[in-house]
Structures are given as C-alpha cells and as structure tokens.
Amino acid sequence: MNRQIKRLFLLLPLMALLLTAHAAPLPRQSGWSVIIDTDGAIDDMRALILLFSRPEVRVEGILLSDGSLTPADALPRIRALLHRFGRDSVPVACGPVMKGLHPAWRDFNKGISWEGATDGTCTQSAGDLFRQLLSDRGNRITLLCLGALTNVAPIVQDTSLRKLI
C-alpha cells in the first residue's frame, strides 16, 4: 500500500505537467479591423470604451443607426468618446431615422449627460461609408453589430460586398 501511494504521488505531478505543457495564453493578434454599427445606447458606449482601450483593435468606421437614440443624438456622444480616446480620425456616419415606434428607454438614454458632447451634423450616410470602407479595404473586415442593423441590411444584400464581411 505504501508503495502504491508513493507511485501515485510521483505520477500526479508528472500527469499535471504533461496536461499543462501545451497550456498557454492565445497569442494576441497583430491587428483586428472592425466596423461598428451602434444606436448609441449606454451599453453600446461601454462596449466601445472596452474596444477603444485595446491597442490591437482598429476601428475603421462607426455607423449610427436609429434605436435607443437617433443617429443625430448619438453623433455628439460618439465623437466625444472618440476624442477622449484619441481616435478623432475614425469616420462616423448616420443612418436613416426609422418611422414608427421607438424603444421605451429612448428618453432615458437621451437624458444621460455625456461629457464633451457637442452638437454636430453628419456629413456622410452610413450606407455610403459602409460601402466605401468595404471597397477600400479589399479584404475581410469584422462587423460589430450593436445597433438595429438598419445600416447593414442593404449592404449584405450586395453579394460582392457581403463576402468582405
């Protein structure tokens, strides 16, 4: 019995070593390019903050969709956030305002004050920016959908652009 216990104590560390020999953190990608579609909701802003804090994530553009905020209401908040993280060069474009019912929490989201937010106007449509970013890259890009997908739907119907997402 004593001999079996000694063997067990010798085998357990050896087994643990063998099982963990290949365990290592995944290597960090050298770069990850994303286009973000957002409606500017407070939970989207938190996700953007987490993304902006990662140096390997390259945000190629932000598309504002109608949802928790209108694109016009989300624009100054997104620009303030981009400025805060030194990413003023990231293009931001607005999608159309949808007719009909809007989320019950829209007034709540609109009432949240956002430091550094100033009024501004969108100079480019979300659809145009999305097409431009996909065409300019010529290779695949990750689309992070936080919004209502109203900016994305027309693009994914175009088979020549769909393969780049």
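Buried means under 20% relative accessible area, exposed over 50%, and partly exposed in between, with a 1.4 Å probe and protein chains only. Of the 165 residues of the protein, 35% count as buried.

The model is predicted: local features need pLDDT of at least 70, side-chain atom pairs count only at pLDDT 80 or more, and totals for chains, interfaces and linings use all residues. Residues are numbered from 1 along each chain as its sequence is written, and side-chain values use heavy atoms, with hydrogens and water left out.

**Whole chain**

Start with a cartoon view. Seven helices and four strands make up the protein. Helices (H or I, at least four residues) and strands (E, at least two) are DSSP runs, numbered from the N terminus. Along the sequence the pattern reads α-β-α-β-α-β-α-α-β-α-α. Among contacts with a separation of 6 or more, 83% are between residues 24 or more positions apart.

**Helix α3**

Select α3. The helix has 14 residues and reaches 20 Å from its first C-alpha to its last, close to the 20 Å expected at 1.5 Å a residue. The expected span is 1.5 Å times one less than the number of residues. Colour its buried residues: P71, A74, L75, P76, R77, I78, A80, L81 and L82. What do the buried residues of α3 pack against? They pack against β1 (32-38), α2, β2 (57-64), β3 and α4 (106-111).

Pick D73, also in helix α3. D73 is partly exposed, at 21% relative accessible area.

**After the helix**

Step to G86, which follows α3 and has a positive phi, near 70°. Continue to S89, in the loop between α3 and β3. S89 is exposed, with a relative accessible area of 70%. Draw a line from S89 to R79: they are 10 residues apart along the chain, with 9.8 Å between their C-alpha atoms.

**Aromatic pair**

Next, show the Phe, Tyr and Trp rings. The structure holds one aromatic pair. F52 and F85 form this tilted pair, 5.6 Å centre to centre, with 55° between the planes. Rings (for Trp, the six-membered one) pair if their centres lie within 6.5 Å; planes under 30 degrees apart count as stacked, over 60 as edge-to-face and the rest as tilted. F52 lies in helix α2 (residues 42-52) and F85 in the loop between α3 (71-84) and β3 (92-94), so the pair ties together parts that are 33 residues apart in sequence.

**Cavity**

Switch to a cavity display. A search of the whole structure finds one cavity of 30 Å³ or more. A cavity is a set of points, on a 1 Å grid over the protein atoms alone, where a 1.4 Å probe fits but cannot get out; lining residues have an atom within 4 Å of a point. Select the lining: G40, I42, M45, L69, R77, N109, I112 and W114. By class, the lining has five nonpolar, two polar and one charged residues. Ala, Val, Leu, Ile, Met, Phe, Trp, Tyr, Cys and Pro count as nonpolar, Asp, Glu, Lys and Arg as charged, and the others, Gly among them, as polar.

**Last stop**

Finish at L149, in the loop between β4 (142-145) and α6 (153-156). L149 has a positive phi of about 70°, although it is not a glycine. At 39% relative accessibility, L149 is partly exposed.

Notes
On a 1 Å grid over the protein atoms alone, a cavity is a set of points where a 1.4 Å probe fits but cannot get out, and a pocket is an open set with protein on both sides within 12 Å along at least five of seven lines; lining residues have an atom within 4 Å of a point. Grid points are joined across faces, edges and corners, and a volume is the space filled by probe spheres set on the points. Contact means heavy atoms within 4.5 Å.
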